[in-house]
Each structure stands twice: as C-alpha cells, then as structure tokens.
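Please look over the sequence and the model below before reading on.

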Amino acid sequence: FAVISALTLLNMLIGVLCEVVSAIAVTEKEQILTDKIRDKFGKIIGDIDKNGDGRISWSEVASMAEHKHAGEVLASVNINMLDMIDVAEDLIFTGVKQQQKTLTFDQFM
C-alpha cells in the first residue's frame, strides 16, 4: 500500500510539474511573438511618421494601409488591417466634437 501511495503521489507531482512547464512555455511563446510584432510594427510606424515627432496621427494611420509590409505584419497575428484602422480611429478621434489627437507608439499598441 505504501509503495502504491508513493507512486501515485509522485505521478501527481510530475503531472503538476508538466502543467506548470507547459503554461510557462505558452506564456513565453506569446511574449516572444508580441515582442517580434512590436519590433516590426515599430519600424513600420517609424516609416510612416511623416513629421518625425514619434506620435501617430490620423493621416499616418491612414497611410499605413498603403505601406507594403503593414498588412503582412498584421496578418501574421490574425489582425485585419481595416479593423485595426477602425480601432485607431476610435482612439484618435475623441469627445463629442470628435477632436483629433495623436498617440504615442505605446498608446497605439
């Protein structure tokens, strides 16, 4: 009985360890993908930043649709370009009078 109990307990501990390692692997993989997209998209934002202020305006977001690599980067993480532009529009145009503001890269992401 003692041997079977010890083996059962050991098996449960191995199962918990495997689950923890699996969860950490998923989290790390997601973080690597996020960092990769952030780097690629940061370069695209740098390309379309017309005035060089490091902030993203509506005209720069609209020009993103014409950028040759923006669609590929967004598609690689299953983001539709038109949906992203709609969300950016909601972020940039605020208030009742729809005043236009600019966003930092972090705010945009």
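What follows is a short briefing on this chain, grouped by topic.

This is a predicted model, in which local features need pLDDT of at least 70 and side-chain atom pairs count only at pLDDT 80 or more, while totals for chains, interfaces and linings use all residues. Residues are numbered from 1 along each chain as its sequence is written, and side-chain values use heavy atoms, with hydrogens and water left out. The chain holds five helices and four strands, where helices (H or I, at least four residues) and strands (E, at least two) are DSSP runs numbered from the N terminus.

**Overall build**

- Read from the N terminus, the order of the elements is α-β-α-α-α-β-β-β-α.
- The radius of gyration of the chain, taken over C-alpha atoms, is 23 Å, whereas a compact globule of 109 residues would have a value near 13 Å; the globule rule used here is 2.2 Å times the number of residues to the power 0.38.
- The C-alpha trace spans about 75 × 35 × 25 Å along its principal axes.
- Of the contacts between residues at least 6 apart in sequence, 58% join residues at least 24 apart, a contact being heavy atoms within 4.5 Å.

**Surface and charge**

- Buried residues account for 23% of the 109 residues; buried means under 20% relative accessible area, exposed over 50%, and partly exposed in between, with a 1.4 Å probe and protein chains only.
- The accessible surface, which comes from the Shrake-Rupley method with a 1.4 Å probe, is about 8000 Å² for the chain, and 61% of that surface belongs to carbon and sulfur atoms.
- The chain has 10 positive and 16 negative charges, whose mean positions are 3 Å apart; Lys and Arg count as positive and Asp and Glu as negative, with His and the chain ends not counted, and each charge is placed at NZ of Lys, CZ of Arg, CG of Asp or CD of Glu.

**The nonpolar core**

- The largest nonpolar core has 20 residues, of which Phe41, Ile45, Val61, Met64, Met81, Met84 and Phe108 touch the most other members; such a core is a set of buried Ala, Val, Leu, Ile, Met, Phe, Trp, Tyr and Cys residues joined through side-chain atoms within 4.5 Å.
- At least two residues of this core come from each of helix 1 (2-48), helix 2 (58-64), helix 3 (70-76), helix 4 (81-92) and helix 5 (105-108).
- In soluble globular proteins, nonpolar side chains tend to be buried together.

- Valine 61 sits in helix 2 and counts as buried because its relative accessibility is 0%.
- When neighbours within four places in sequence are left aside, valine 61 is in contact with Ile56, Ile85, Ala88, Ile92 and Phe108.
- Between valine 61 and leucine 82, which are 21 residues apart in sequence, the C-alpha to C-alpha distance is 11 Å.
- Isoleucine 37 belongs to helix 1 and is buried, since its relative accessible area is 12%.
- Beyond neighbours within four places in sequence, isoleucine 37 is in contact with Gly42, Val73, Ser76 and Val77.

- Isoleucine 79 lies in the loop between helix 3 and helix 4, and is partly exposed because its relative accessible area is 38%.
- Apart from residues up to four places away in sequence, isoleucine 79 touches Leu74 and Met84.
- Asparagine 11, in helix 1, counts as exposed because its relative accessibility is 54%.
- The C-alpha atoms of asparagine 11 and glutamine 100 are separated by 60 Å, with the two residues 89 apart along the chain.
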